[in-house]
Amino acid sequence: MPKRIVDWLDLRLGIRDILEQNLTKYLLPRNINIWYTLGAVLLTLFALQFATGILLLIYYQPSPQEAFSSVQRIMNEIPYGWLLRNLHAVGSNLIVAVLLLHMLSALFMGSYKRPRELTWVSGFLLLNLSLGLCLTGYLLPWSQLSFWATTIATDAAGAIPLLGADLVGFLRGGTAVGEDTLGRFFALHVMGFPLLFGLLVAFHLFCVRRTGVSKPPFGPDYTPPKEHDRFHHEHHPGGIPFFPHYMAKEAGVISFFLALLVAITFFAPGLFIPPTANIPADPFVTPPGIKPEWYFLWAYQVLKIFPSELMGLAVQVVAMTLLALLPFIDRSPERRPARRPLFVALFICGIAIFVGLSIWGYFS
Amino acid sequence: MGSRRLFLTTALGAIGAVLAFAAGWPVWRYLSPMEEPGEEERIALDREDVPLGVAHFFRFRGQPAVVLQSSPGVYYAFSAICTHLGCIVQWLPEQREFLCPCHAGRFSPDGRVLSGPPPRPLDSLPVTVVDNRLLIG
Ligand code: HEM
Ligand code: FES
């Protein structure tokens, strides 16, 4: 039966050719490693976010009067509402973790270098867009945690000279976080950002497919590819086929992350949902100990350690800009970590600073 | 570039700019914060609402504010927003001071910083007593 369907489609659209080109005859480097599966993990996790998100939308009410109680209703009354909500919340955290790993692997293997600059830049934008999705989604339950985390996050923009106050007002749609903030965050979270996100993912994948997968820069027979002065797709003759070989490996890693997602959802759903998330928002009472989510702790701590907020903000902007433009700054073709001691040292320092600041932010 | 091409490009560019503005301006206005109840807004409270040693929280020009009777007949009003990173201060009646729950900034009843990271006193608001009412703003 499947064969007859494929035959039928093949006759009309010539799909056999496309399938072959992209699956069985699409060859990957023989020494490809497990880090290359993280992109597929991200695609799966994002598909799950879309699915759970659409289901949550059915009962969620985006107004200050009803948001909190509608989420309580999803959690406590609607059958399996707790499951969908926790999957969506835990999933967002897992995605950020995998995004960071995916980025670190591209850094370590130097795969951001020519000709993959656009892959890197689009990936970096995707990371920022994902953080934007997390930030806007965080406000929607309209809990004390949502309200105050958003107040603190939007307040940071106020440190920008001249424009600061107007910018904060524009982000919030008013002087304080309120009904109009919820409205714009909701629109961005469920429509604006996902649409942009879809387009950017398509572009990112186009870049990956068009340039060809990079050869991992390890092993004795790694030779740096020649520099080309016209477009060149990186082929891997004698490599392993994407289907079934590499897809099987991807399926394994995806299963691992799905198991992790389900395990946290079932056994530690409170890991990312502190007690202040269970109290409705009250603009007159700041609860003690409001902390941003773990992946924003570094930024939060940077704002606190500098004598002025403006300096802290400037440091963040500089760090993110350097990362975004890295392929245009670090232009040597060398990708082997053993031959890039300075880069590897910076790489390790960068991770250590990120982790150190986050822990400091958590306990301060 | 031929003059006909130049003309057409300029005309197209101008039309494009006009259209972009026609589309962009309403969107910009739509997204901008609406006028809050005016910079001019004043609020009247009953004196009974603010007994001695009690802090009364209220909304003023869209933001949380607080008024306090620190000694008989002496009233102070402040924006309740901590001058550090914008949390809302709480009144501790026992200690007779304001505490910010975020990074433990402490303020005296007249708004001065007692300890902690806040860089400046609480922003004070003018209070006038008129008969049985407090006028703020
Ligand atoms: C939003 C989510 C993202 C998705 C769904 C995604 C998806 C993918 C996929 C499917 C691949 C091909 C397989 C692989 O090498 O893993 C890939 C490759 C790549 N991604 Fe992403 N990605 C995302 C975010 C990012 C981010 C944040 C960065 C870095 C800032 C990035 C940089 C790269 C680079 C440089 C490659 C090429 C790897 C190579 O060919 O060696 N991506 N991505
Ligand atoms: S926000 Fe009040 S002490 Fe930091």
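**Prolines and a cis bond**

I started at Pro244(A), which lies in helix 10 (residues 242-267) of chain A. I am working from a predicted model here.

I then went to Pro115(A), placed in the loop between helix 5 (81-108) and helix 6 (117-139) of chain A. The peptide bond running from Arg114(A) to Pro115(A) is cis, and its omega is near 10 degrees. A reminder to myself: most residues other than glycine have a negative phi, and most peptide bonds are trans.

**Tyr80(A)**

With backbone angles still in mind, I looked up Tyr80(A). Its phi is positive, about 65 degrees, although the residue is not a glycine. I found Tyr80(A) in the loop between helix 4 (67-76) and helix 5 of chain A.

**Glu334(A)**

Where does Glu334(A) sit? I located Glu334(A) in the loop between helix 13 (326-329) and helix 14 (341-363) of chain A. A polar atom of the Glu334(A) side chain lies 2.9 Å from the backbone nitrogen of Arg336(A). I set aside neighbours within four places in sequence and listed what Glu334(A) is in contact with: Lys113(A), Arg339(A) and Arg340(A).

**The disulfide in chain B**

Next I searched for disulfides and got one over all chains. The partners are Cys87(B) and Cys102(B), with their sulfur atoms 1.9 Å apart. I placed Cys87(B) in the loop between strand 4 (74-79) and strand 5 (90-92) of chain B, and Cys102(B) in the loop between strand 6 (97-99) and strand 7 of chain B. The two cysteines are 15 residues apart, so I logged the pair as linking distant parts of the chain.

Is this disulfide left-handed or right-handed? The torsion about the S-S bond of Cys87(B) and Cys102(B) is about -95 degrees, so the disulfide is left-handed.

**Where chain A meets chain B**

I turned to the interface. Chain A puts 21 residues into the contact, and chain B puts in 21 residues. The area buried between chain A and chain B comes to about 1,700 Å², and carbon and sulfur atoms give 62% of that area. Which three residues supply more than any other three of the area that chain A buries against chain B? I wrote down Phe170(A), Phe284(A) and Thr286(A), which supply 36% of it.

I checked the charged and polar links too. Between chain A and chain B I count zero salt bridges, while four residue pairs are in polar contact across the interface, both residues at pLDDT 80 or more.

Then I sorted the chain A side by element. Helix 7 (144-155), helix 8 (164-172) and helix 11 (297-305) of chain A each give two or more residues to the side that touches chain B. Helix 7 of chain A gives the most, with four residues.

**Confidence**

Last, I looked at the scores. The predictor gives the complex an ipTM of 0.70 and a pTM of 0.86. Chain B averages a pLDDT of 89, and 96% of its residues score at least 70. Among the elements of chain B, strand 1 (residues 43-46) has the lowest mean pLDDT, 88, and strand 7 (residues 106-107) of chain B the highest, 95. I keep one caution on the page: where pLDDT is low, the predicted coordinates should not be read in detail.

Conventions
Residues numbered from 1 in each chain as written. Chains lettered and ligands numbered in written order. Heavy atoms only, no water. Contact = heavy atoms within 4.5 Å. Buried area = accessible area lost by both parts, 1.4 Å probe. Salt bridge = Lys/Arg side-chain N within 4 Å of Asp/Glu carboxyl O. Polar contact = N/O pair within 3.5 Å; in protein donor to acceptor, adjacent residues only side chain to side chain. pLDDT = per-residue confidence, 0-100. Disulfide = S-S within 2.5 Å.
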